[in-house]
Amino acid sequence: EKRITGHTELLGLIATPIRHSKSPVMHNAACRALGLDYAYLAFDIQPDQLEDAVKGFKALNVRGWNVSMPYKTTIGQYLDHITPIAKMCGAINTVINDHGVLTGTITDGTGYMTALKDQGIDIIGKKMTIVGAGGAATAIVMQAALDGVKEISIFNIKDASWDRALENVEKINSQTQCKAQLFDLNDHETLRKEINESVIFTNATNVGMGKLEGQMVLPDTSYLRKDLIVSDVIYMPEKTKLLEEAEKIGCKTINGLGMMLYQGAASFKLWTDQDMPIDVVKEVGLTAIYRDIKASDIPNHFLPCILFDEEDRPFILKRKGKECFLHDPVSNSEIKKDGSYLKNFKKAILVFRDPKKEKILDEVKGKEWFWNPVKEFWRSYIEIGFLTLFINIFALAVPLFTMSVYDRVVPNNATET
């Protein structure tokens, strides 16, 4: 790509599994919009490769990277410094490389709280219940406590992370004004009681994704109620079984996309010293199912989408009626263009705000889709023809109907007086 130069710096993400991640879409779109010479890639690193991966990134002078499951609580041992908030959380999701000095921090908690605010949800001074004690869960409860949540009930199974959960409770109770308690997830009676007393229930485990897709942390839906807010840190699938069941009951639901967006924005700021253009990132594919295709291959019912020109500048392709518009998110301007202009773009990202369209994409794979201005012209011509015919029929029918009514009301032998 022309955007990649000898000066391009690398950003990235390490985890396993990782191919589902939308972070590359988000960060690369932000870099394009701001004209920054960075490229963001996802790396599927196995547990026995973690140390070597960190050493390799350091040697290659990778500017920074995100860390996701299962390495948030283990990567710290390979870094030079850890920030106070990361030490408090015992987890890291962001690494900054300053000329060979690696610093680990965490932005998950601020991402979660900001995502709630973005949805108009205020849990300050209220009670929440959360399941999980891993890196994401720890960051959430710590930040929630620091921000002023009144009470937090943490549920977890008695596995290797149980001791960490106990430490989290001790830190919250000793260092904040929040009251925290830890319960066994298998204590269903207490789980029901704590959820009933809470305004929000959050799943901060991986139950609902990967091999655990189709499962949920609750025994059944009777633990939920209509006025309960239900959130999940998982964003792929966009609707876990927990969120699907909660929606059926009438709960307000939030998946992990917002948390990913805002924690990513915080990481982006640490690496580039610039604010992520949130509106641009949201528009070009926060919820995108994407693939590189020719712009001429975009079917109309997949619009809007994001197009990249030869300079890798992003433009939003929209349709208003029969007219095609390009929106420049940088200058916030809109230009009317015809179909032939699309040939000047080299690739596109399909944007899906409706999860049902994922199925549509699967159904059309292998078919030849194209935006054909000639076909569009004839389609419009035919529609206009039918409309004209309808108007003519209506215009003919009205006087005939009027004459018929007149004949009934005024007989032929009637005379004027």
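Buried denotes a relative accessible area under 20%, exposed one over 50%, and partly exposed anything in between, with a 1.4 Å probe and protein chains only. Strands (E, at least two residues) and helices (H or I, at least four) are DSSP runs numbered from the N terminus. The model is predicted: local features need pLDDT of at least 70 and side-chain atom pairs count only at pLDDT 80 or more, whereas totals for chains, interfaces and linings use all residues. Residues are numbered from 1 along each chain as its sequence is written, and side-chain values use heavy atoms, with hydrogens and water left out.

Strand 11 has a partner on either side, where pairing requires that DSSP find at least two bridges between two strands. Strand 10 (residues 200-203) runs parallel to strand 11 and is joined to it by four bridges; here Phe201 stands opposite Val230. Strand 12 (residues 252-254) also pairs with strand 11 in the parallel sense, over three bridges, and Thr253 of strand 12 is the bridge partner of Val230. From strand 11 the chain passes through helix 8 (residues 241-249) to strand 12, a β-α-β crossover that is right-handed. That term applies if, with the strands pointing away from the viewer, the path from the first strand over the helix to the second runs clockwise.

These pairings belong to an open sheet of six strands, ordered 9-8-7-10-11-12, with parallel pairing. Its edge strands are strand 9 (179-184) and strand 12, each of which pairs on one side only. On average, neighbouring strands of this sheet are turned by 15° against each other, direction ignored. Angles run from 0 to 180 degrees between N-to-C directions, and axes are lines fitted to C-alpha atoms, for helices over the stretch in contact. Elsewhere in the sheet, four bridges connect strand 7 (residues 127-131) with strand 10 in parallel, and Met128 stands opposite Ile200 of strand 10.

Two helices lie across these strands. Helix 8 lies across strands 10, 11 and 12, running at about 165° to strand 11. Helix 7 (residues 188-196) lies across strand 7, strand 8 (151-156), strand 9 and strand 10, at about 150° to strand 8. Glu194 is found in helix 7 and is buried, with a relative accessible area of 3%. Contact means heavy atoms within 4.5 Å; leaving aside residues up to four places away in sequence, Glu194 touches Lys127, Thr129, Ser153, Phe155, Gln181 and Phe183.

At 33% relative accessibility, Leu34 counts as partly exposed. Residues up to four places away in sequence aside, Leu34 touches Phe268, Gln274, Asp275 and Pro277. Leu34 and Pro277 are 243 residues apart in sequence, yet 7.9 Å apart in space, C-alpha to C-alpha.

The protein as a whole has twelve helices and 17 strands, and buried residues make up 48% of its 417 residues. Of the contacts between residues at least 6 apart in sequence, 69% join residues at least 24 apart. A search of the whole structure finds zero disulfides, a disulfide being a pair of cysteine sulfur atoms within 2.5 Å. Cys178 is buried at 3% relative accessible area, and Cys251 is buried at 6%.
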